[in-house]
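Reader: I want to go through this model before I set anything up. Please show it, then take my questions in turn.

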Amino acid sequence: MSSTAPRHTALDALHRSLGATMTDFAGWDMPLRYGSERDEHQAVRTRAGLFDLSHMGEITVTGPQAAQLLNYALVGNIASVGVGRARYTMICREDGGILDDLIVYRLADTEAGSAHYMVVANASNAQVVLDALVERSSGFDAEVRDDRDAYALIAVQGPESPGVLKSLTDADLDGLKYYAGLPGTVAGVPALIARTGYTGEDGFELFVAPSDAEQLWQALTEAGKDVGLVPCGLSCRDTLRLEAGMPLYGHELSTSLTPFDAGLGRVVKFEKEGDFVGREALTEAAARAETNPPRVLVGLVAEGRRVPRAGYAVVAGGEVIGEVTSGAPSPTLGKPIAMAYVDTAHAAPGTPGVGVDIRGSHEPYEVVALPFYKRQK
């Protein structure tokens, strides 16, 4: 029986006590912002921000053939991921359309040769991904388990985040590379500590038991108060990832696009052993992209003040040459920005005469290379 009532994370009462503006996101009641989204955005860029990401979908895959199952079910070479490392990948349909983009962690291997992976799906696609993995597991000696209720997920992001977290854990954060994860204890709470990030800044994701989430959130808040850490909602998460040129499912990625259409063909590993779902269609998509390049995902920076939104037409010389996938005011650049798929003829940075049709008015935009923002390492 499916319920239409929104789901609540383990931190729901805490968000409300902090005065968060809540919003429905993929069936979850999530904090949109606590105060000013611009202030929250700037805190992550310059200090540190704390996010509740417990709506993400965790799926555990274990067993002697877990690696083979994931190699078959996903487009990446998951068997080559080392223990303690993570990989960005996608799950596609038979026709090559993107069902979701994922992060897969290889957590452990047992002496008996059983591997242990955690697949993290977007909240809006978690059920679709779970169903597909269960269906694709037929014939493999592996178990797919829905662990969405087993985890709360808290992220601390921003230049001050390593210092904040170091004060609460003796885990080797310096040795934790980008796209890796290690088990540790944070503020007395057992956690999987990951370093993948979706803001363009350094930071960490902490997978913990829901019953430990509030204790961990409070400890991080306390540890970060002297460096300006603030709680952050989904609104600034969106402007942060947009500035960092990171795709969002339902905007830059969808079932109507293959990874090659999205400019992310590099995640498809044809050289891996065995068949995988979508191989044939993706082989054709790769060849098509070589001879007839698909539209290119570019950045657009407004010359005026009007904000482009998803679905708005990109125009040049009176013709529609593309479509905006995400748009927002950029707190870092101080002007509206957008990501858009445009015809290759207009995709080069600095291409003249490009605009966005905003309610019938063609507003001028500069074509730029993504990302809009890159942190200084």
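Reader: How much space lies in the second largest pocket?
Author: This is a predicted model, where local features need pLDDT of at least 70, side-chain atom pairs count only at pLDDT 80 or more, and totals for chains, interfaces and linings use all residues. Residues are numbered from 1 along each chain as its sequence is written, and side-chain values use heavy atoms, with hydrogens and water left out. A pocket is an open set of points on a 1 Å grid over the protein atoms alone, where a 1.4 Å probe fits, with protein on both sides within 12 Å along at least five of seven lines. Volume is the space filled by probe spheres set on the points, joined across faces, edges and corners, and for the second largest pocket that is about 280 Å³.

Reader: Which residues are the closest to its centre?
Author: Lining residues have an atom within 4 Å of a point. The second largest pocket has 15 of them, and the closest to its centre are Tyr 178, Gly 200, Met 246, Arg 375 and Lys 377.

Reader: How many residues of that lining are charged?
Author: Asp, Glu, Lys and Arg count as charged; Ala, Val, Leu, Ile, Met, Phe, Trp, Tyr, Cys and Pro as nonpolar; the others, Gly among them, as polar. The lining of the second largest pocket has five nonpolar and four polar residues, and the charged ones number six.

Reader: What share of the residues in the protein chain is buried?
Author: Buried means under 20% relative accessible area, with a 1.4 Å probe and protein chains only. Of the 377 residues in the protein chain, the buried share is 55%.

Reader: Is Arg 295 buried, exposed or partly exposed?
Author: Arg 295 lies in the loop between α8 (279–291) and β15 (296–302). Exposed is over 50% relative accessible area, and partly exposed falls between that and buried. At 36%, Arg 295 is partly exposed.

Reader: Which residues does Arg 295 touch, not counting those up to four places away in sequence?
Author: Contact means heavy atoms within 4.5 Å. By that test Arg 295 touches Asp 261, Val 320, Ile 321, Gly 322, Glu 323, Tyr 341, Val 342 and Asp 343.

How values were computed: Helices (H or I, at least four residues) and strands (E, at least two) are DSSP runs, numbered from the N terminus.
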